[in-house]
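Hello,

Here is the structure I promised to pass on to you. Have a look at it first, and then read my notes below.

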Amino acid sequence: MSIFKGLGTVVKHLLEDPVTISYPEVERPVRERFKGKHALKRYDNGLEKCIGCALCAAACPADAIWVEAAENTDEERYSPGERYAKTYEINMLRCIFCGYCEDACPTEAIVLEHEYRLSFTDRRDSIYTKEMLIDAPPDGVPETPQKVEPGAFDRAIPDMENPK
Ligand code: SF4
Ligand code: SF4
């Protein structure tokens, strides 16, 4: 009797739609709240939102972030305010994708987005550098550093339209 019950279960599942997907040919969309690879964001004028304050590094429970700040000038401006992140690195072997860095950031510069393809085969490749994390400037907008009008971007945290 139990053999027939077992066979019945097999036949039942044969008739159901498969629950597996053929990754990587097919990719399942992630949830809106999913936290994947970090991105360093820019303002619409191309300036970097990161001001090198290292609050994200202080908030990180895994000690995964390394920030080294340097001075902005109006001739070579990377971000609003006095300082920008000269070095920004995240050790992906340590990161637990908690999002505390995102919560701690006063300028909404670091955001955990939806990219989850993060595999690597060498430990050295686990260090994600600023160049790997930062978004490209919008179309037609110059890269940083930019030469700007003196005094135009003295505030490190400009007024945001919709602060969260
Ligand atoms: S997501 Fe969490 S563990 Fe990863 S870098 Fe940010 S604060 Fe650190
Ligand atoms: S990402 Fe945000 S919290 Fe981290 S150094 Fe840059 S501005 Fe500061």
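One definition to begin with: the expected span of a helix is 1.5 Å times one less than its number of residues. Please keep in mind that this is a predicted model.

Now try that rule on helix α1, residues 2-15. With 14 residues, α1 should span 20 Å, and its end C-alpha atoms are 20 Å apart, so the two values agree. Is this helix buried or in the open? The number of buried residues in α1 is 0, so the helix lies largely in the open.

Next, the strands. β2 and β3 run antiparallel and are joined by 7 bridges; along this pairing, E68 faces T87 in β3. β3 is also joined to β5 (residues 127-128), again antiparallel, through 2 bridges. There, I90 sits opposite Y128 in β5.

What about the inside? The largest nonpolar core holds 22 residues, and L40, C50, C56, I65, C101 and I110 have the most contacts within it. Two elements, β2 (65-71) and β3 (83-91), each give two or more residues to this core. β3 contributes the most, with 4 residues. In general, nonpolar side chains of soluble globular proteins tend to be buried together.

Leaving out residues up to four places away in sequence, C101 touches C56, A59, C60, I65 and I110. C101 is also one of the residues that come nearest to ligand 1, along with C60, C95, C98 and Y100. The shell around this ligand has 13 residues, of which 12 are nonpolar, 1 is polar and none is charged.

Enjoy exploring!

Methods. Residues numbered from 1 in each chain as written. Chains lettered and ligands numbered in written order. Predicted model: local features only at pLDDT ≥ 70, side-chain atom pairs only at ≥ 80, totals over all residues. Near = placed C-beta within 6 Å. Nonpolar A, V, L, I, M, F, W, Y, C, P; charged D, E, K, R; others polar. Core = buried A, V, L, I, M, F, W, Y, C linked by C-beta atoms within 7 Å. Buried ≥ 20, exposed ≤ 12 C-beta atoms within 10 Å, placed from the backbone. Contact = placed C-beta atoms within 7 Å. Pairing = 2+ DSSP bridges.
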